[in-house]
Amino acid sequence: MECFKLFKENKDGEGKIKKEVEVLTGDGAVDRHGRPAVRGKTGTWVAGVLILVNQGLATLAFFGVGVNLVLFLTRVMGQDNASAANNVSKWTGTVYIFSLLGAFLSDSYWGRYKTCAIFQAIFVMGLAALSLSSYIFLLKPGGCGDEQMQCGSHSTFETAVFYLSIYMVALGNGGYQPTIATFGADQFDEEDPKEGHSKISFFSYFYLALNLGSLFSNTILGYFEDEGVWALGFWVSTASAALALVLFLCGTPRYRHFRPRGNPLSRFCQVLVSATRKCRIEMDPVAEDLFEVDGGDISAGDERRILHTTGFKFLDKAAIITPSDFVQDNKQQPHHNNPWRLCTVTQVEEVKCILRLLPIWLCTILYSVVFTQMASLFVEQGAAMRATVGGFHIPPASMSSFDILSVAAFIFIYRRILNPIVARVRTKPRGLTQLQRMGIGLIVAVLAMIVAGAVEHFRLKYADKNCSSCEGSSSLSIFWQVPQYVLIGASEVFMYVGQLEFFNGQAPDGLKSFGSALCMTSISLGNYVSSLLVTMVMKFSARDDMPGWIPRNLNRGHLDRFYFLLAALTAADFFVYLLCAKWYQYIEFVRTSPEGDGEDGHGVGELNKV
């Protein structure tokens, strides 16, 4: 579809008239005033870089709390290892559950810009409340919260304020994350070849910004928090989140927007109700016989349609035209379809699209179980290893900086080395597909768990099983954890970057934020499944005088067996994923011309492939 053009007439100093051509985006984006977006004045990397910096600062703030939360719960709140690991998994899971709320509000009512601004404000307020509560009454007596001195007990009110604060952080960050990823992708017009390539690159840089933002949290903030300077760490996180919000608002004049498309639940229900009403119709529908509206409302950015696919034929009946499907409100107005009796092909394909995405999404949950171990059991494992080098103590949580460096390295390796090589060998499709990359991520995750289990096996050989305070009780160096962190980082590049691209690209236009939220909710359910697995393992492994696989004193447990269990489960999940990926059918978008070719509004407009 050709780009629209606006002409402006300006007079120069000699009174001559000059014409300036303003090229509009071809994807239906609008500026902040609701006018069609001008390509040269909105979006592109100017807006994209602002969003990437915003993401880096917000991630720094979030991980300033999350990366050491398991140690805060044990040292300040007085919880044991298993309870702390479970609570961190539940909290992290809740963060990503809230991503569904943010995606729903973004796609349906508020739009992406408003959703990002509101949830970031909630995020800042939650961090401020956490900083104040820690400074005023949680870190008592003074100097507590480090490796040597635990804090005292807390009242019900103090505990309630703490949990309210961290769950406000969960709400703010969770609602903001899927929307900002999609909002960043909105700044690039996929109808333009150059901007379309930039849009693909954006997701890699987005995940890189996320990891670089957490690098400061995992090293500098992690060190101070491990030394018991929790209040300072939380205040730095609050300042970083506030600066991220200010920078985001500064880009307001430059952003491109897509108008929200309304409640998707009603559109889904209309398809199911209409298909059920016509379930007795025996005809086998073909694409040419199904209902689709002409043109589309270009001003609303919904001129893209989805081509008919052959799967889920029962749903196609919702688009079969029958005489009773059209109503007339009054004699002056033409007949129009009753949406609860007749749906468009695009509307039907939206439902099919979500149904096809669900099996792929379910297969990514177990990978997230592996990923979440970095914030819980990897930290506890590192705390039980020798973490001093030349008298300098290395905070166990800071070891995740090797994961971040691995992500940065493998993004470069994939984009600059691996993908070009594969693209030369394999031209159709060019390079690795998103589903293939996600499969590679699962394989690397299996290797990471095997390595983690082997490290734990050797750690136990050099551990003091009768220690009273078991931090640093093994003579095995904490740097033996580096390979498992590096492998997790490599798997993230293939799995999570692939997921972001896949779910955003395959989600219908009215559900783009929901597509990004699917990636985050797989992390959410991964945390809940991890918590469930830990509980089940402790229940079945703790018998008589056996403390279980993950006791408070890890030297008396068998954390290595838990890692090997995760490796086996992930390997089984990989084979299920292969079947789902082979079954998956990619959707194909088309763009219709604004002028329909049917006289009654029931035909299909002129199609131009995206």
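**Exercise 1.** Is Phe312 buried, partly exposed or exposed?

Solution. The model is predicted; local features need pLDDT of at least 70, side-chain atom pairs count only at pLDDT 80 or more, and totals for chains, interfaces and linings use all residues. Residues are numbered from 1 along each chain as its sequence is written, and side-chain values use heavy atoms, without hydrogens and water.

Step 1: buried means under 20% relative accessible area, exposed over 50%, and partly exposed in between (1.4 Å probe, protein chains only).
Step 2: Phe312 has 32% relative accessibility and therefore counts as partly exposed.
Step 3: Phe312 lies in the loop between strand 3 (304–306) and helix 9 (313–316); helices (H or I, at least four residues) and strands (E, at least two) are DSSP runs, numbered from the N terminus.

**Exercise 2.** Classify the packing of helix 12 against helix 14.

Solution. Step 1: the axes of helix 12 (residues 401–425) and helix 14 (residues 482–506) come within 8 Å and cross at roughly 45 degrees.
Step 1: helix 12 is therefore oblique to helix 14 (under 35 degrees is roughly parallel, over 145 roughly antiparallel, 65 to 115 roughly perpendicular, the rest oblique).

Key: Axes fitted to C-alpha atoms, helices over the stretch in contact; angles between N-to-C directions.
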